[in-house]
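Please find below a short note for a reader who is new to protein structures. The sequence and the model come first, and the numbered points follow.

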Amino acid sequence: MIQDLIMPKNLLKKYMSVLNDRELKIIKMRYGLYGEEELTQKEIAKKLKISRSYVSRIEKRSLIKILREFIKENNV
């Protein structure tokens with residue numbers, strides 16, 4: 001499952017260019033990147049005034065996009 005994927009933050013940052021603004025914002029908040037505080041899905045949802053399940057879907061979609069880009073670039 002995608003939740004079980006563990007990717008070092010430096011690799012995560014490298015492939016974040018494939019994300020749109022909302023996806024990027026959520027990933028930065030979720031994983032504490034670029035000086036953002038690491039937040040739970042519930043905290044992000046409250047901050048962005050969206051549901052926690054929507055945050056979860058965006059996070060999952062974003063990680064899949066990052067993984068696909070990694071696979072494409074590394075011929076995995």
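How exposed is R61, in terms of relative accessibility?

1. In this predicted model, R61 has a relative accessibility of 39%.

2. R61 forms a salt bridge with E23, and their closest N and O atoms are 2.9 Å apart. This pair joins distant parts of the chain, since R61 belongs to helix α4 and E23 to helix α2, 38 residues apart. E23 is buried, because its relative accessible area of 2% is under 20%. A network of salt bridges links E23, R61 and K65.

3. The structure has four salt bridges. One of them pairs E59 with R30, at 3.0 Å between the closest N and O atoms. Here too distant parts of the chain are linked: E59 lies in helix α4 and R30 in helix α2, 29 residues apart. E59 is buried at 6% relative accessible area, whereas R30 is partly exposed at 23%.

4. E69 and K72 also form a salt bridge, with the closest N and O atoms 3.5 Å apart. Both residues lie in helix α4, three residues apart, which is about one turn of the helix. K72 counts as exposed, at 58% relative accessibility.

5. The largest nonpolar core consists of nine residues, including I26, M29, L39 and I58. Helices α2, α3 and α4 each give two or more residues to this core, and α3 gives the largest share, three residues. In soluble globular proteins, nonpolar side chains tend to be buried together.

How values were computed: Residues are numbered from 1 along each chain as its sequence is written. This is a predicted model: local features need pLDDT of at least 70, side-chain atom pairs count only at pLDDT 80 or more; totals for chains, interfaces and linings use all residues. Side-chain values use heavy atoms; hydrogens and water are left out. A nonpolar core is a set of buried Ala, Val, Leu, Ile, Met, Phe, Trp, Tyr and Cys residues joined through side-chain atoms within 4.5 Å. Buried means under 20% relative accessible area, exposed over 50%, partly exposed in between (1.4 Å probe, protein chains only). Helices (H or I, at least four residues) and strands (E, at least two) are DSSP runs, numbered from the N terminus. A salt bridge is a side-chain nitrogen of Lys or Arg within 4 Å of a carboxyl oxygen of Asp or Glu.
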